Amino acid sequence: MTTPCIICVAITGSVPTKDDNPNLPTTIPEQIESAHAAFEAGAAIAHCHVRDDQGKPTSDPDRFARLMDGIQAHCPGMIVQLSTGGRSGTGRARGAMIPLRPDMCSLAVGSNNFPTRVYENRPELIDWLAGEILKYDVKPEIEAFDLSHILQAKLMADAGKIPGTPYVQFVMGVKNAMPVDRDVFDYYIHTVKRLFGANAPWCAAGIGQHQLTLNDWAISSGGHTRTGLEDNVRLDRNTLAPSNAALVERTVALCAKHDRPVATPAQARDILGLRAA
């Protein structure tokens with residue numbers, strides 16, 4: 001049987017603003033409403049960032065708690081994945097929301113270049129974040145911006161710092177980081193299967209204009225995929241995306257094109273080895 005495709009929707013992020021797309025949800029009520037529409041369109045995971053009253057990124061655990069509670073109330077069973085990314089805070093503040101015990105947290109396990117800065121993830125901070133994730137029984141999603149990050153995930157898993165089989169997401173198309181390259185993409189898949197087993201689940205995300213390409217590559221290759229306004233605010237060069245749900249609907253259509261059923265939240269939890277909702 002074909003493995004159902006898990007669709008993750010990254011609803012807000014830390015970089016886009018309403019100047020880029022006025023449909024971007026930034027307040028907690030906007031984010032809950034947007035996550036609900038995306039959930040109804042087929043998304044099983046909500047990847048979440050929060051903003052302060054000025055619309056700037058923050059790691060405020062109280063805001064994360066309100067967002068998580070709202071998604072859980074309005075989107076039964078949807079997997080809530082909170083970001084520990086470095087654009088929203090510094091040092092251990094990046095993990096202040098982990099004690100909320102979301103279903104998942106993102107975890108970067110190495111540093112790399114971003115468009116205008118170094119995305120710095122020091123080994124001691126990575127170990128601390130991983131320790132908190134393990135302590136509170138949260139499933140990490142390994143954000144791989146480079147091949148070395150997949151290999152680092154293997155080292156951490158072997159050392160007991162990551163529980164179970166790591167869930168790796170390939171992030172491609174960030175300026176100054178890994179470009180969109182099909183040979184590299186295929187080798188990422190090969191590496192995950194070699195290190196973690198032929199049935200290890202993996203995901204892919206494309207940034208900006210590359211979102212649709214990575215969605216197509218991932219779905220057609222048997223993986224899972226991410227969409228959403230965090231990564232891409234447009235449907236095409238001339239059209240702003242009207243919502244996160246519209247981007248999810250486009251991804252659902254790709255699943256149909258490649259004869260992949262769309263995973264329900266319950267199926268996604270089973271595939272990823274998550275606790276019941």
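Predicted model: local features only at pLDDT ≥ 70, side-chain atom pairs only at ≥ 80, totals over all residues.

Trainee: OK, what should helix H5 span, and how far apart are its end C-alpha atoms?

Mentor: H5 covers residues 182-196, so its 15 residues should span 21 Å at 1.5 Å a residue, and the end C-alpha atoms are 21 Å apart, which agrees.

Trainee: Which residues of H5 are buried?

Mentor: Phe185, Tyr188, Ile189, Thr191, Val192, Leu195 and Phe196. Buried means under 20% relative accessible area, exposed over 50%, partly exposed in between (1.4 Å probe, protein chains only). Looking down the axis of H5, the buried residues fall within an arc of 160 degrees, so they line one face of the helix. That arc is taken from the directions from the helix axis to the C-beta atoms.

Trainee: What covers them?

Mentor: The cover includes helix H4 (147-158), strand E10 (167-172), strand E11 (202-206) and helix H6 (211-220). Contact here means heavy atoms within 4.5 Å.

Trainee: And what happens at the two ends of H5?

Mentor: At the start of H5, a side-chain oxygen of aspartate 181 comes within 2.9 Å of the backbone nitrogen of aspartate 183. Just after H5, glycine 197 has a positive phi of about 110 degrees.

Trainee: Switching to rings: how many aromatic pairs are there?

Mentor: Eight aromatic pairs. Rings of Phe, Tyr and Trp (its six-membered ring) pair if their centres lie within 6.5 Å; planes under 30 degrees apart count as stacked, over 60 as edge-to-face and the rest as tilted. Phenylalanine 170 and phenylalanine 185 have ring centres 6.0 Å apart and planes at 85 degrees, so that pair is edge-to-face. Phenylalanine 170 is in strand E10 and phenylalanine 185 in helix H5, so the pair ties together parts 15 residues apart in sequence. Phenylalanine 170 counts as buried at 0% relative accessibility, and phenylalanine 185 is also at 0%.

Trainee: What about phenylalanine 185 and tryptophan 217?

Mentor: Their ring centres are 5.3 Å apart with planes at 50 degrees, so the pair is tilted. It links distant parts of the chain, with phenylalanine 185 in helix H5 and tryptophan 217 in helix H6, 32 residues apart. Tryptophan 217 is buried, at 14% relative accessible area.

Trainee: Which residues form the aromatic cluster?

Mentor: Phe170, Phe185, Tyr188, Trp202 and Trp217 form one cluster.

Trainee: Last one, where is glutamine 31, and is it buried or exposed?

Mentor: Glutamine 31 sits in helix H1 (residues 28-41), and it counts as buried at 0% relative accessibility. Its side chain makes a polar contact of 3.0 Å with the side chain of threonine 12. A polar contact is a pair of N or O atoms within 3.5 Å; within protein, one must be able to donate a hydrogen and the other to accept it, and residues adjacent in sequence count only if both atoms are side-chain atoms.

Terms used
Residues numbered from 1 in each chain as written. Heavy atoms only, no water. Helix = DSSP H or I, 4+ residues; strand = E, 2+ residues; numbered from the N terminus. Expected span 1.5 Å × (residues − 1).
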